[in-house]
Amino acid sequence: MLSRLASRSVQEVRPVSLARPTSTTTVRQAEERDEVNFPRRVRPVEPGKVRLGFVPEEWFKFMYPKTGVTGPYVLGVGLATFLCSKEIYVMEHEYYTGITILAMLVYAVKKFGPAIGKNLDKEIEDIESSWREYREGSITQIKQAVENEKAAQWSAHGEGILFDAKRENVALQLEAAYRERLAKVHSEVKKRLDYQLETANVKTRLEQKHMVDWIVKNVKASITPAQEAATLKQCIADLKALAPKAA
């Protein structure tokens, strides 16, 4: 029975994923950072406060609620006394050498520290100013790129209007060419019709002239000299008859 329970418990054990999503994943990734609850860390300019030259102030604040003001000092003195009395920390010749070196270091820090710190602070300020200028320059370039992109989008929108105007101009040009060709066709057709009309008129005039000439020629050919003399006499007689009436 126990073996069955053990085997069942072993079979029911499942692996649990302990992977934590990184900042590159989309899990719980907000669009904007919560600056109020999660402010950005700022590098401190000055080091933290210390006591006795090397003990952080935070240790004293941490022990103050339990031991009071003298607690950390008593703890330090008691710990040093314990280490020295039990000979855990042996005061041999290297101990005094260390004290001498520490005194020299303290003197060097007090003597040359401000000047060196000033130079280092100046270098840090120069580096930070260069980074700040680079950041501001990058922001300015990005803003300018955004403005250029907006201008390009506006130009692209204007190109659509320009293309419409060009299409309209092309349509007007095509219409003008069509009307010009239509007028040319009309003129050519009119010329051809005028030519046909003039040809028909010339043909009609020639036919009429030829017909008149033919009739006159036949009439003249059909009149004899006797008929011509009789006709002439009759005309003269008619004129004489009309003369008294006119007088």
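Contact means that heavy atoms lie within 4.5 Å of each other. Helices (H or I, at least four residues) and strands (E, at least two) are DSSP runs, numbered from the N terminus. The model is predicted: local features need pLDDT of at least 70, side-chain atom pairs count only at pLDDT 80 or more, and totals for chains, interfaces and linings use all residues. Residues are numbered from 1 along each chain as its sequence is written, and side-chain values use heavy atoms, with hydrogens and water left out.

**Figure 1. Overview of the protein chain.** The protein chain contains five helices and two strands. Along the sequence, these elements follow the pattern α-β-β-α-α-α-α. Of the 247 residues in the protein chain, 2% are buried. Here, buried means under 20% relative accessible area, exposed means over 50%, and partly exposed lies in between (1.4 Å probe, protein chains only).

Figure 2. Helix α2 spans residues 57-67, and its buried residues are E57, F60 and M63. An α-helix has 3.6 residues a turn, so residues three or four places apart point the same way. On the other side of α2, the exposed residues are K61, F62, P65 and K66. The cover over the buried residues of α2 includes β1 (50-51), β2 (55-56) and α3 (71-85). After α2 comes G68, which has a positive phi near 85°.

**Figure 3. Residues P56 and E57.** P56 belongs to strand β2, whereas E57 belongs to helix α2. P56 is partly exposed, with a relative accessible area of 24%. E57 is buried, with a relative accessible area of 14%. Not counting residues up to four places away in sequence, P56 touches K49 and V50. With neighbours within four places in sequence left aside, E57 is in contact with K49, V50 and R51.

**Figure 4. The largest pocket.** The largest pocket holds about 480 Å³ of space. Among the 16 residues that line this pocket, F54, V55, L75, G76 and V77 are the closest to its centre. A pocket is found on a 1 Å grid over the protein atoms alone, as an open set of points where a 1.4 Å probe fits, with protein on both sides within 12 Å along at least five of seven lines; lining residues have an atom within 4 Å of a point. Grid points are joined across faces, edges and corners, and the volume is the space filled by probe spheres set on the points. Helices α2 and α3 each supply at least two residues of the lining. Helix α3 gives the most to the lining, with nine residues. By class, the lining has 15 nonpolar residues, one polar residue and no charged residues. Ala, Val, Leu, Ile, Met, Phe, Trp, Tyr, Cys and Pro count as nonpolar, Asp, Glu, Lys and Arg as charged, and the others, Gly among them, as polar.

**Figure 5. The loop residue E87.** E87 is found in the loop between α3 and α4 (93-222). The phi of E87 is positive, near 60°, in a residue other than glycine. E87 counts as exposed, at 60% relative accessibility.

**Figure 6. Cysteines C84 and C235.** C84 is partly exposed, with a relative accessible area of 32%. C235 is also partly exposed, with a relative accessible area of 40%. A search of the whole structure finds zero disulfides, a disulfide being a pair of cysteine sulfur atoms within 2.5 Å.
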